[in-house]
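Take a look at the structure below. A short tour of some of its parts comes after it.

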Amino acid sequence: MNGVLGIWVLVGIIIGWYLWKRNEKKEIEKKSGIPKGSSGWPFIGETLDIISCAYTSRPVSFMEKRKSLYGKVFKSHLLGRPIIVSTDPDVNKMVLQNNGSTFIPFYPKSITELLGKSSILQMNGNLQKRVHGLIGGFFKSPQLKARITREIEEWVKVSMVTWKDRNLVYIQEETRNITFQVLVRVLMSISPGEDLQFLKREFGEFIKGLLCLPIKFPGTRLYNSLKAKDRLLKMVRRILEEKKMKMERRFESELVMDAMDVLLRDAGDGNETQRLPLDFVCENMIEMMIPGEDSVPMLMTLAVKYLSDCPLALKQLMVISETLRMANIINGVWRKTLKDVKIKGYLIPKGWCLLASFSSVHMDDEIYEKPYEFDPWRWQLRKEGIVVNSSNNFTPFGGGQRLCPGLELSRLQVSIFLHYLVTHYRWVAEEDYIVNFPTVKMKKKLPISVTPTCT
């Protein structure tokens, strides 16, 4: 009996100590200017709350509830870390435009494990600027646009020809096939064939592990994804070495054909020793495939969904920007502070993480009237007191020096796909809905029944 009583006394002491320390911490944070908020449950924080909201029709309800309680910038505890969440477009802009002296990228362990130390997402400083500038300049080049436009048109036509003999077309799968093919062509000049099929199969296995438990035992999701990456690296390395050999023997013209050429030929400040390591180039080729498997096909898929729900918009085809706003495919960025920093009176302590939420801004009724309604015409107007196309209020591709270098290529693919879809087919979409975790997806891959409008 005395033993049981002793255990309960010990439990009471532990709980009391925990509550006292938590209250003491709250008082310190209050005096220091750390934003108000809640740390949630011990250890797990509010992680389960944000995940459960992601499975609802209003995934930003986690942010909305706390914004109403604590303001647009608040404290939380997610993925095992204390974090500041910003739904303030001005704060987000300052974070995006920071040059790396105050904020550095931070991502969950499964992502850092899979992408590796050479990841574009994690690199910082001059190397990040150099690589971002090289890839961005190539993607924006008129030569690439002229060439790739013709190729995208051809691939879209070839894909759609097969639709007329099918009862149902699964748009999420069809768009992924197109965009992945486009991207590996732009990255490494790979044409349809065995290499493309190998890349697509192994990359599909690789990307499944981006958000998973960081456990690497054989048979686990992360372990299988890492093995798939090893197989991808071997193939990409072979392609890279073949290119390098041709370049050294001058069998290849000076014409730059793909992103691998760009990185392989760059010598930094002109010093041969400053060339990018081959392993670095291989790692980043794999990482740059992600938009072709995930974000761009989902933009196309959701555009079809919203057009299906809004026949009037279908007639005028004003949908891309509104889809980007509502879909929130890139719903925010994670950063970690290198030192104490104050923004708009808020203190973000050194070592804390900050989540700059784009989706909360896109769905803010103070910025967008009736934000949950699909209204592509809002982009034609500057409503009184609200500039809807402000760079602060619309950040589907991020911003600052980390602005997605492929945004123009993404818009080009979507535009061509939608043009051919609406000019060659009528369609009826079956009922489907969006799942927002771990990434944005359609539950049933958006099945549609199609009828050709011309031969």
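The report below covers a sheet, some helices and several salt bridges.

This is a predicted model, in which local features need pLDDT of at least 70, side-chain atom pairs count only at pLDDT 80 or more, and totals for chains, interfaces and linings use all residues. Residues are numbered from 1 along each chain as its sequence is written, and side-chain values use heavy atoms, with hydrogens and water left out.

**The sheet.** Helices (H or I, at least four residues) and strands (E, at least two) are DSSP runs, numbered from the N terminus. Three strands form an open sheet in the order E4-E12-E9, with antiparallel pairing. Its edge strands are E4 (169–170) and E9 (425–429), each pairing on one side only. Two strands pair if DSSP finds at least two bridges between them. E9 and E12 (residues 447–452) are joined by five bridges. In this sheet, alanine 429 stands opposite isoleucine 448 of E12. Helix H18 (residues 407–424) lies across E9 and E12, at about 95° to E9. Axes are lines fitted to C-alpha atoms, for helices over the stretch in contact (heavy atoms within 4.5 Å). Angles run from 0 to 180 degrees between N-to-C directions.

**Helices.** H6 (residues 125–140) packs against H7 (residues 142–161) at an angle of about 55°, with axes 5 Å apart. H6 is therefore oblique to H7. Angles under 35 degrees count as roughly parallel, over 145 as roughly antiparallel, 65 to 115 as roughly perpendicular and the rest as oblique. On the H6 side, the contact is made by Phe138, Phe139 and Lys140. Helix H12 (residues 278–287) is mostly covered, with nine of its ten residues buried. Buried means under 20% relative accessible area, exposed over 50%, and partly exposed in between (1.4 Å probe, protein chains only). Phe280 and Met285 are among the buried residues of H12.

**Salt bridges.** The structure holds 29 of them. Each is a side-chain nitrogen of Lys or Arg within 4 Å of a carboxyl oxygen of Asp or Glu.

| aspartate 364 | lysine 67 | 3.6 Å |

Aspartate 364 counts as buried because its relative accessibility is 2%. Lys67 and Asp364 also belong to a salt-bridge network that includes Lys72 and Glu366. Aspartate 88 is buried too, at 8% relative accessibility, whereas lysine 344 is partly exposed at 48%. Glutamate 241 and arginine 237 are four residues apart in helix H10 (residues 221–248), so about one helical turn separates them.
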